[in-house]
Amino acid sequence: MAPEMSLISTVQAHLPVLPVVTALVAAPLAMLVRRPAMAWLVATAAAVLLLIFSLMLLPATAAGPLSYAVGGWQPPYGIELRVDRLTVIVLLLISVVAVAAMPYARASALVEIAEDKQHLFYSCLLLCLTGLVGMTVTGDAFNVFVFLEISSLSTYALIGMGRQRRALMAAYRYLILGTLGGTFFLIGIGLLYAMTGTLNMADMAMRLEPVRDSRTVLAATAFITVGLGLKLALFPLHAWLPNAYSYAPSAVTVLIAGCATKVAIYLSLRMHYNVLGVDFTGEGMQLAPMLAIFGLVGLIVCSLVALFENNVKRLLAYSSVAQIGYIVLAISLASNTGLTAGIVHLLNHAVVKAGLFMAVGAMVWRCGSDDLQVLAGIGKRMPITSAAFVVGGLALIGVPLTAGFITKWYLVTAAIEQQAWLLVVAILAASIIALGYIGKIIEVAYFRPSPVGAPVGEASPLMLLSMWSLVLMSVALGVWADGTVTLAGQAADVLLGARR
Amino acid sequence: MIMLAAVCTPLLAALLVALSGRWPNVRDGFSVLMGLLLWPQVAMLVYMVLAGDTPELSLVKMLPGVDLAFSLEPLGAVFACVATLLWPIATLYSVGYMRGNNEPRQTQFYVCFAIAISATLGIAFSANLLTLFVFYEALTFSTYPLVTHKGDEASRQAGRKYLGILVGTSVCLLLAGILWTHQLAGSGDFTKGGLLPKDLSKAVVGILLALYAFGIGKAALMPFHGWLPAAMVAPTPVSALLHAVAVVKAGVFTVIKVVVYIFGIDLLAGNGGGNWLIYVAGTTTMIASLTALQQDNLKRRLAFSTIGQLAYVVLAVSIFTPAATLGATLHIAGHAFGKITLFFAAGAIYTSAHLTLVSQLDGVGRRMPITLLAFGLGSLSMIGLPPTAGFLSKFYIVMAAAEAEAWFALIALAVSTVLNAAYFLPIVYRAFAKPAPVDARYGEAPWQSVLALSLTAMLTFAMFIQPGPLVDLVRMLIEGL
């Protein structure tokens with residue numbers, strides 16, 4: 001009994017670092033085993049472990065944040081990992097999407113990636129997860145940059161693996177803009193380091209207190225905001241996103257649409273609220289109205305672009321930019337309700353959009369093209385996949401009993417609280433536009449006759465398993481939302497608490 | 001628990017229908033049987049309400065502080081009663097209609113139909129605004145496949161209009177109103193005497209009432225009525241039960257519910273911020289009646305008649321007195337029986353004679369006497385003449401309007417009554433008095449359809465001679481006010 005106890009207590013003691021270590025160790029392992037099936041198994045095992053650790057962190061952070069000194073070097077000198085309620089939510093988001101995406105990745109890799117490259121594909125996928133998880137748990141500003149680059153570099157490689165040659169162009173474009181974003185972020189951190197002499201985020205926040213209004217800190221804020229804005233695809237810095245999403249292998253699209261932008265948003269929340277302590281309501285830098293305007297314009301403009309887009313993957317990509325607009329709007333409201341809405345939507349949208357990209361990926365794979373017209377009659381040809389798309393689409397629109405409705409409920413409540421009537425109108429109008437573009441696909445799928453000789457047949461069972469698990473989860477998140485909303489509320493407290 | 005069972009019974013029916021799709025007789029048998037099984041359940045619930053109980057049930061803790069919950073009060077009981085009573089009859093009718101017309105995808109049709117009934121009951125039972133909204137939207141989405149059943153370009157366009165207007169109004173206006181209510185009152189529970197604080201300003205009351213009145217697009221108040229004529233592309237059983245009873249009544253039911261339990265009649269009567277509603281409703285009823293007069297397509301004429309009749313309910317409730325609320329609630333039932341009969345008749349004429357236009361109906365009455373007699377009775381109910389249910393409810397509304405000295409309401413009622421007579425009676429006259437074309441070779445519709453429309457016609461008559469229990473139920477509603 002003793003050894004088991006000691007294993008559990010060791011795990012407990014190192015819990016904050018384990019998610020990163022798992023993914024980091026699994027990445028070279030997947031490369032070394034070479035056989036695609038084995039590499040996939042390694043990746044899946046890592047994802048499942050990731051989920052288990054995230055779930056274990058959930059009760060562990062109930063009392064307060066966990067701090068972990070990497071290598072025993074005490075903060076602020078060593079690297080500190082810091083896990084609080086917000087961190088746990090993002091960890092859960094990443095691991096849930098990763099676990100759900102693994103069966104799908106297997107099925108999609110079989111057809112989209114050359115066999116001798118599949119182990120590299122899984123390895124990159126794991127590296128990308130390492131970066132995402134690392135950015136989430138770390139409490140060290142420079143460490144954030146390191147993990148940001150790990151995830152970005154692996155993402156460039158992953159996007160480049162797409163079947164079409166345009167994937168290379170998309171990857172290159174993302175590389176340029178992503179590097180720009182990363183560099184801006186680094187410059188910002190450098191400026192902050194110059195002012196405070198520390199890289200530990202909590203320490204930095206404390207030392208920034210007296211110099212908050214200095215020009216250097218303001219410049220750092222600007223660099224960090226724009227750098228992260230590029231990473232999270234804040235309108236109008238979203239130019240890389242539609243191509244990257246449409247040309248990447250479909251499993252990669254699922255992962256980056258689900259997680260990558262969400263983690264960037266998480267970083268932005270963390271930096272702005274907890275480190276920079278930007279006074280969103282006060283005089284200083286008018287960040288809140290600026291974010292509100294970009295969020296609002298992005299929401300409406302990109303929804304409209306999606307409405308007139310005829311390429312289904314790009315349509316969903318623009319819808320993603322619009323949905324990011326929702327989250328940015330929520331952040332800009334800077335109230336507990338607003339942040340709750342934003343954080344809930346982080347989770348909800350990750351699940352919903354990953355599920356939708358899976359369904360569309362399977363349709364595109366079956367039809368061989370991502371043009372909307374080719375999907376005519378797909379409702380009869382792939383009934384199970386199409387049904388998943390319909391349910392996911394309803395969740396995206398925000399129909400009651402789906403995840404999207406919960407977000408809308410809190411977002412509108414937050415806007416009403418601050419009597420921001422224009423926002424109320426915009427948020428509700430945008431969900432009607434979403435009805436338009438989802439309805440457009442559904443009409444083609446169910447009401448147009450299939451072209452003669454069109455390919456018939458369901459997606460592979462692995463794909464169906466993946467997409468339905470996410471789709472059902474998006475319904476569950478909409479029905480039993482009490483838990484997620486409470487959790488998000490606690491996370492919002494973490495963000496606002498630092499400023500009180 | 002009975003409420004949960006009642007909501008689940010149609011869902012179970014949907015499941016059984018889906019599973020037995022290959023054997024049409026078994027499938028249709030399940031549909032009717034489950035409908036009949038629903039009767040005792042709802043009857044028991046109504047009995048409990050009549051005994052003074054308020055059955056309550058919390059389904060799931062959906063958001064912090066807001067449950068998905070049921071709570072049945074007299075108004076909901078009336079609505080649930082009407083919908084439940086008519087569901088198996090409409091199913092019976094559907095069997096005749098769908099087979100008579102060789103409609104495709106009948107399994108899908110019955111599945112969606114059953115889900116829509118389940119959503120309707122959910123609306124009737126809802127204990128708070130969130131629950132109501134959940135089922136309200138479920139009703140919209142479950143009826144969309146029914147509206148677009150034909151699958152051609154016309155029905156796709158109609159479907160777009162249907163979803164666009166109903167979801168558009170409910171999301172942009174109703175949801176905003178619900179959330180604002182939560183903000184003002186701290187919850188969305190339906191509360192006797194009204195939930196909102198009594199010290200609201202006139203402007204707030206006016207705007208909030210507008211969000212509700214127009215946001216509840218199912219009540220088809222002008223200018224958000226366009227979805228109803230569009231929905232007439234659906235097979236006639238859908239138009240009959242859903243777009244004359246369940247869906248539209250869900251709309252006016254919600255309006256009454258919000259006025260009575262969210263605002264409270266006293267607040268609205270005293271505040272004055274909601275006085276505009278009576279003019280919108282009155283204007284809607286008159287314009288709708290005028291438009292109906294010009295329609296040659298029988299179903300479209302009936303649709304505009306429905307818009308006018310729904311506006312009666314809103315008109316009555318916007319007088320803001322208990323007596324008028326009683327009239328409004330009675331009219332939910334009063335209009336339902338008559339209008340479903342009319343649609344059944346229209347569908348029967350289409351099934352056996354393939355006629356859709358009023359101008360083609362010469363002599364139909366001689367070949368389909370039962371159908372057209374029922375149609376005549378339904379017409380009387382629409383106009384509000386004895387011996388029909390429509391007379392009863394209209395009588396209560398007119399008395400309440402006179403008592404409250406709501407002159408505009410009285411004028412609107414009078415004008416539309418005359419117009420009702422002008423667009424219904426010529427049909428009956430034409431059908432019986434004019435000779436049929438010599439080549440007419442048709443008789444009554446399939447027996448299921450004829451039986452169904454005879455039953456609803458009898459219900460229209462029965463509510464006139466035996467209104468006791470219904471009126472008792474509605475009196476309980478206004479006693480608490």
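**Exercise 1. How many of the 500 residues of chain A, as a percentage, count as buried?**

Solution. This is a predicted model, in which local features need pLDDT of at least 70, side-chain atom pairs count only at pLDDT 80 or more, and totals for chains, interfaces and linings use all residues. Residues are numbered from 1 along each chain as its sequence is written, while chains are lettered from A and ligands numbered from 1 in the order in which they are written.

Step 1. A residue is buried if 20 or more other C-beta atoms, placed from the backbone, lie within 10 Å of its own; it is exposed if there are 12 or fewer, and partly exposed in between.
Step 2. By this criterion, 62% of the 500 residues of chain A count as buried.

**Exercise 2. Describe the overall build of chain A.**

Solution. Step 1. Chain A contains 20 helices and two strands; helices (H or I, at least four residues) and strands (E, at least two) are DSSP runs, numbered from the N terminus.
Step 2. The radius of gyration of chain A, taken over C-alpha atoms, is 22 Å, close to the 23 Å that the globule rule gives for 500 residues, so chain A is as compact as a globular protein of that length. The globule rule is 2.2 Å times the number of residues to the power 0.38.
Step 3. The C-alpha trace of chain A spans about 70 × 60 × 45 Å along its principal axes.

**Exercise 3. Identify the domains of chain A and describe their contact.**

Solution. Step 1. Chain A is divided into domain 1 (12-278) and domain 2 (289-500), with bounds that come from an automatic or database domain assignment.
Step 2. Their C-alpha centres lie 22 Å apart. The contact takes 38 residues from domain 1 of chain A and 45 residues from domain 2 of chain A; two residues are in contact if their C-beta atoms, placed from the backbone, lie within 7 Å.
Step 3. On the domain 1 side, α4 (85-112), α10 (240-247) and α11 (250-275) of chain A give two or more residues. The largest share of that side, 14 residues, comes from α4(A).
Step 4. By class, the domain 1 side has 25 nonpolar, nine polar and four charged residues. Here Ala, Val, Leu, Ile, Met, Phe, Trp, Tyr, Cys and Pro count as nonpolar, Asp, Glu, Lys and Arg as charged, and the others, Gly among them, as polar.

**Exercise 4. Why does Thr385(A) count as buried, and which residues does it contact?**

Solution. Step 1. Thr385(A) is placed in helix α16 (residues 383-397) of chain A.
Step 2. Thr385(A) counts as buried because it has 26 C-beta neighbours inside 10 Å.
Step 3. Leaving aside neighbours within four places in sequence, Thr385(A) is in contact with Ala359(A), Ala362(A), Met363(A), Glu458(A), Ala459(A), Leu464(A) and Met467(A).
Step 4. Glu458(A) is 73 residues from Thr385(A) along the chain, and their C-alpha atoms are separated by 7.1 Å.

**Exercise 5. How many residues of chain A are in contact with chain B?**

Solution. Step 1. The contact joins 24 residues of chain A with 22 residues of chain B.
Step 2. On the chain A side, α17 (403-417), α18 (421-447) and α20 (481-497) each supply at least two residues. The most comes from α18(A), with nine residues.
Step 3. The chain A side has 17 nonpolar, four polar and three charged residues.
Step 4. The model scores ipTM 0.85 and pTM 0.89.
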